[in-house]
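Subject: Model handover

Hi,

Here is the structure we talked about. Please look through it, then read the notes below.

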Amino acid sequence: MSELLLEVEDLGVSLPTSSGQLHAVDSLGFSLREGELLGIVGESGSGKTQTALALMGLTPAGSRVSGSARLDGEELIGRPEAELNDLRGDRIAMVFQDPQAALNPYLRIGVQLTEVLEQHRELDAVTAAKRATEMLQAVGLDDSERCMRSYPHQLSGGMRQRVTIAIALLCRPRLLIADEPTTALDVTVQAQILGLLRVLKGSHYGAGLLITHDLAVVAEICDRVLVMYGGKPMELAAVDRLFHNGHHPYTRALLRSLPRLDRPESGLVPIPGQPGRPTGAGCPFRPRCAERLEQCAAVVPPRLDIAPGHLSYCHRSGPN
Amino acid sequence: MLRLIRHRLLVAVPTLLVLVVLAFVLMRLAPGSPFSSERNLPPSVEENLNARYGLDDSLGEQLLRYLGNLARGDFGPSLYYSDHDVADLIREGFPTSLRLGLAAMILALGAGVTAGIAAARRPGGMLDHLLMGVAIAGISVPNFVVAPLLILVFAVWLGWLPASGAGPDASLTAAGMVLPVVALALPQFAYVARLTRASMLEVLDSSYILAARAKGLPERTILLRHGLRPALLPVVSYLGPATAAVITGSVVIEEIFGLPGLGRYFVQAALNRDYFLVLGVVVFYGLLVVIANLLVDLCYGLLDPRVQRQ
């Protein structure tokens, strides 16, 4: 077994809203080993992005983060801002959903890369520019010299996302968090970007969290998957196992809602209802669950160890 | 770039034309004549004077003649300061007004942007409330109230600064400029501070600022390198109207502080119905505002790389 890189336990994020605190993330736990790519899958509002922001220490003002997240044994949650700032961009880095919005339109690409190196590696401008140019080449931008001098609006969407990946990887982070990195891109470019993330793992970053709502993306490049719903974990398993032996009713419903090229006659089976958060304890998926039991509303589902490395949070025990 | 400048100056011609015609008509609607006030002239003398300056022709003829002269760069004679041309008077008064106006603009911009950024760092905090309180006061209290108050406090009670801008020999002194500049700058400072705060808050909420935070950059870099430029764009657009406001304000301020500037000539000219001087100053001010707006557009291109090649 390889080394444990990230260990998240009982992570909670609550955000202030007009109607009181919203528990965006609740009792979330998972771990990440060296060289692993973990997919976090869920619908909008399932708490995926807040999980990422909590690890970065960048949750919105007024939010409360509880629990524990240890990166190489060092606690991230509740760390002083100055220490977090030293980690961000260096040992943890993040790629955002929309590269158009994540790059500053008023600054040349070169500046947006070199400032990271100048901050964390204290490199002089010339060395930083050289390293930045090499990194742009590594993410597949061949005309990297010209790219350094460009403004974001002069690049295509795919090129921009390569630039944000280059920015994130400049300091060879231990943990790379990619929040829907391909959602804003064309399908062909999506495949290239995903391929890039897979190729650079190990050589350019230690381990990755890939946040997405797209199970196909997970199937393509992730090692394990965490399925979230309503801020809570539903199921955690290796990709193969989840796709073939998914236990949780939500996981199975998600898989049924995917188009199948091999079985076109089966059609799509949507999950009934709207994503939302029922109040009270219990399983957040229960209003839409076809297999709900009486205790689902009252009691928090127990953690089931289905198999080694395969967890499910459901009142229905036993394999399905 | 050159094409933009040429285009803008051409577009300014009709604007200035409308301005001149309006000012011309308004001046003539005012009762009295250039030679009626104070001095009781015999009717024959007044007729001669009117004939000499062409004021006995029809209004239409006078307007056309004035526009024709203007096109050749001739602003005409002053009717009150009878041995001076309008152009001479503008040349004489403008340096003082320019110094006053520029100093006020620089002060308003520098202090306003700084205050706006400081307030945006902790919205709802103590400093934010304090600065925005000052800004509200700056916008609400007119400068003809602010100026005498400043004189009362700093010149009369404390005796730190002279009450008049001009020294004994009518030359300007640095100490004498402080109060007029502050009085002129205050409302502009207030606007700039509020604009900067609002746009900085909006910018700080954007994705690229979150991305910059994810890089672990210090707060200062995030505010100044990533936030300041986009936050300044609305402030830059305000510089056009601000120029107009400073010009208007300087008319009052120069009068209150006894500064020998263009604004003072303007007020005197209106009171004396010195038609050509009023029109000349109006055209000159109009030209200044046009140039200020052109500079604003050029600045925009410098600040926002997406505007450059359009």
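Start with chain B. The C-alpha centres of domain 1 of chain B and domain 2 of chain B are 38 Å apart. Domain 1 of chain B covers 31-74 and domain 2 covers 93-303; such bounds come from an automatic or database domain assignment. Six residues from domain 1 of chain B and six residues from domain 2 of chain B form the contact (residues are in contact if their C-beta atoms, placed from the backbone, lie within 7 Å). The side of domain 1 of chain B that touches domain 2 of chain B has three nonpolar, three polar and no charged residues. For the classes, Ala, Val, Leu, Ile, Met, Phe, Trp, Tyr, Cys and Pro are nonpolar, Asp, Glu, Lys and Arg are charged, and the others, Gly among them, are polar.

Before you go on: this is a predicted model, where local features need pLDDT of at least 70, side-chain atom pairs count only at pLDDT 80 or more, and totals for chains, interfaces and linings use all residues. Residues are numbered from 1 along each chain as its sequence is written, and chains are lettered from A and ligands numbered from 1 in the order in which they are written.

Next, a helix pair in chain B. The axes of helix H9 (residues 219-257) and helix H10 (residues 262-272) of chain B come within 7 Å and cross at roughly 90 degrees. Helices (H or I, at least four residues) and strands (E, at least two) are DSSP runs, numbered from the N terminus. Axes are lines fitted to C-alpha atoms, for helices over the stretch in contact, and angles run from 0 to 180 degrees between N-to-C directions. H9(B) and H10(B) are therefore roughly perpendicular (65 to 115 degrees). H9(B) brings B:Ser250, B:Val251, B:Glu254 and B:Glu255 to the contact, and H10(B) brings B:Gly263, B:Arg264, B:Phe266 and B:Val267. By class, that is three nonpolar, two polar and three charged.

Now chain A. Domain 1 is 4-91 + 171-313, and domain 2 is 99-170. Their C-alpha centres are 28 Å apart. The contact takes 16 residues from domain 1 of chain A and 15 residues from domain 2 of chain A. Helix H8 (residues 187-200) of chain A gives the most to the domain 1 side, with five residues.

Last, the two chains together. 25 residues of chain A are in contact with 18 residues of chain B. On the chain A side, H4(A) gives the most, with four residues. That side divides into 14 nonpolar, six polar and five charged residues.

Best wishes

Technical notes. Contact = placed C-beta atoms within 7 Å. Parallel < 35°, antiparallel > 145°, perpendicular 65-115°, else oblique.
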